[in-house]
Amino acid sequence: MTTTRLLQRQIFPLDKDPDVFPLYVDLEEARLDTDRYSVGGSKAAKDLNNAAIRQSISTGRALHPEQILSRTALQVPSGQSISFGTYFNAFPASYWRRWTVVDRVTLTVRLRGRGAMLTVYKSMARGHSQRVDSVTVDQSEGVATYSFDLTLAPFVDGGWYWYDVIAGDDEAVVESAEWSAEVPDDRAQHGTTDICITTMNRPDFCAKLIGQLADDEVLRPYLDSVLVMEQGSKPVTDSEFFPAAEKALGEKLRVIVQGNLGGSGGYARGQLESVRKGTADYALMMDDDVVCEPEGIIRAVTFGDLAKRPTLVGGHMFNIYSRSRMHSFGEIVQPWRFWWQTRLDGYSDWDFGARNLRSSRWLHKRADVDFNGWFMCLIPRKVLEEIGLSLPLFIKWDDSEYGLRAKEAGYPTVTFPGAAVWHVPWSDKNDGVDWQAYFHQRNRFVAALLHSPYERGGRMVRESFNHQVKHLASLQYSTAELRHRALEDVLAGPHRLHEELATKLPEVNAFRKQFTDAQLHADRDELPEVRRRKPPKKGKSDIEIPSRIGSLIAAGLAPLRQLRPLREMSRQHPEAELTALDAAWFNLVKYDSAVVSMNDGSSVALYQRDPDRYKDLLKRTVDIHLRLHREWPRLAAEYRAALAEVTSPEQWEKTFEPWTSGEGHDDVSPSAR
């Protein structure tokens with residue numbers, strides 16, 4: 001026996017923000033990009049081809065906001081053609097084909113407008129589109145509902161379904177469109193999810209997000225509860241936007257106050273509360289500084305309900321400042337380097353406003369992933385109960401490690417098109433050299449010790465050594481010291497992770513204060529002016545991007561240069577002032593001191609060369625990396641043996657005791673007031 005289940009419906013942005021229109025409706029042509037596999041293997045050919053693929057095809061045609069009539073209805077002016085082959089309204093057939101019990105779908109479209117033509121298309125993994133079916137609204141009818149029975153059989157490697165509409169002599173209105181499927185009766189009922197939001201000192205942003213969830217009536221039946229883990233000194237409850245959201249959600253909302261345990265501590269608390277409550281099928285991790293598309297949550301739950309086996313369902317991340325730009329279509333952990341990255345056959349920072357879905361060949365191949373960021377990731381309760389909660393890592397690598405852990409247990413992650421949030425882009429952050437460098441280094445090694453398939457972590461130790469030397473040559477001594485401390489803590493074993501969760505960040509910040517490269521100045525005039533006794537050779541700029549040979553020569557000479565005496569004026573005056581874009585190691589290595597801008601554009605720091613510190617750190621860098629290489633097999637066995645205990649609900653309950661026992665308990669849910 002089967003039941004009809006709605007998989008996806010046509011939607012439009014209610015705020016009518018033109019910046020996001022390309023994600024919902026497409027007015028541009030669909031000229032398929034260059035075949036990247038036919039241009040040769042040289043770097044120059046690949047660079048040329050990548051530039052061609054990224055080239056904009058936009059003609060400037062724009063949807064007028066008044067054409068959006070409702071959440072599900074769109075007006076098409078007389079004679080105009082519109083495509084719904086877009087991120088939010090095309091149907092990602094290959095993902096349903098690969099991961100779910102669905103093998104056929106029905107597209108049902110309600111269309112008004114005499115003479116309007118509706119055409120259904122599909123694409124294959126290589127991006128080529130094929131016409132599937134077409135109908136025209138009868139002149140005597142004016143309004144009609146059309147259904148198309150569509151198989152998922154040809155979508156093994158990739159491909160989408162979508163539909164285009166051309167208005168006739170009259171304007172047309174696409175009143176609704178729905179994708180549905182016949183599913184087994186035991187999959188007829190939709191699941192529910194707890195939304196777990198970790199927040200710290202973003203009261204308005206977080207309150208607005210809660211309001212988004214509260215105001216969507218279609219989403220509400222899918223919400224079991226909204227759990228907000230408050231870890232800051234500026235509580236979300238103080239926001240002017242909070243009372244309305246609280247009133248709308250009622251008993252579904254809980255604000256749980258605890259100390260700053262980072263993202264992993266906040267999400268672990270949400271996971272623990274969800275598992276202990278046991279009434280939701282899923283727990284959805286979501287950042288506090290996002291704007292979400294509520295329909296994406298419904299789609300993620302629906303996809304999870306119909307997956308062949310329990311599956312983590314992640315959303316994509318768009319740039320909150322440039323809302324048609326997507327950062328990554330799917331992420332993996334490269335096993336030899338053990339580093340997260342966009343898939344090699346994909347692109348990051350892709351602008352759908354410049355290059356639409358239908359014309360972008362690479363978007364039609366299904367992207368299988370290792371993990372999904374916890375800016376939006378749905379985790380089945382069954383998975384949480386079986387493999388445990390987040391690792392206590394504070395920030396960084398908690399989401400990627402969890403994806404790898406789930407994968408090893410037989411539970412895949414799917415980054416699902418049509419489920420997404422808008423978030424501050426990673427490119428605006430400087431987390432590779434600031435206080436977060438400690439957590440990047442420590443947590444990456446912890447994750448590799450747990451999951452690397454190679455006996456000594458593949459390239460991990462060698463690459464870490466190379467990066468450490470690069471930071472030293474770049475005069476980033478605070479970063480090098482934090483990375484060194486991170487490795488010392490890795491060598492100390494897994495059982496300190498819980499113990500240090502609440503104390504490590506204050507310790508890191510206190511330690512950094514002694515380094516000039518970690519002391520940020522919002523006012524550039526707080527630092528001395530640039531002066532140098534000897535001008536640049538022949539008046540040439542010191543700032544350049546060296547050739548590959550030049551880079552190798554510079555890398556070879558950099559350690560030697562660090563041992564030379566300091567130039568006379570470099571202690572009193574910086575020798576240069578570098579923007580964040582120019583502050584690469586091959587430029588920094590030329591100076592004894594420099595003023596360097598931070599990536600976010602808000603401050604500068606003074607970098608100063610210190611030969612004695614350099615020699616001390618270099619010696620310690622060699623020693624600790626030799627030790628890591630030697631002890632890797634023992635450490636890996638120790639971390640893997642401890643994983644189940646460290647991530648268990650029981651261990652996390654002990655960590656949360658200061659905020660859950662006696663007077664320390666602080667739950668400001670409506671029912672607690």
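Reply: Happy to! The structure holds 48 salt bridges, a salt bridge being a side-chain nitrogen of Lys or Arg within 4 Å of a carboxyl oxygen of Asp or Glu. This is a predicted model, in which local features need pLDDT of at least 70 and side-chain atom pairs count only at pLDDT 80 or more, while totals for chains, interfaces and linings use all residues. Residues are numbered from 1 along each chain as its sequence is written, and side-chain values use heavy atoms, with hydrogens and water left out.

Let's begin with R323. Its salt-bridge partner is D17, with 2.8 Å between the closest N and O atoms. D17 sits in the loop between β1 (2-9) and α1 (43-54) and R323 in strand β16 (residues 322-328), so this pair links distant parts of the chain, 306 residues apart (helices, H or I, of at least four residues and strands, E, of at least two are DSSP runs, numbered from the N terminus). Both D17 and R323 are buried, which means under 20% relative accessible area; exposed is over 50% and partly exposed in between, with a 1.4 Å probe and protein chains only.

R323 has a ring neighbour too: its charged end sits over the ring of W422, 4.4 Å from the centre. That label requires NZ of Lys or CZ of Arg within 6 Å of the ring centre and within 35 degrees of the ring normal.

Now for the rings. The structure holds 36 aromatic pairs; rings of Phe, Tyr and Trp (its six-membered ring) pair if their centres lie within 6.5 Å, and planes under 30 degrees apart count as stacked, over 60 as edge-to-face and the rest as tilted. Y87 is buried at 2% relative accessibility, and F352 is buried at 4%. W422 belongs to another tilted pair, with F318: 6.0 Å centre to centre and 35° between the planes. F318 in strand β15 (residues 312-319) and W422 in strand β21 (residues 413-423) are 104 residues apart, and both are buried.

For comparison, consider K407 and D370, whose side chains meet in a salt bridge of 2.7 Å, N to O. K407 lies in helix α8 (residues 398-408) and D370 in the loop between β19 (348-351) and β20 (376-380), so parts 37 residues apart in sequence are tied together. Here K407 is partly exposed at 48%, whereas D370 is buried at 11%.
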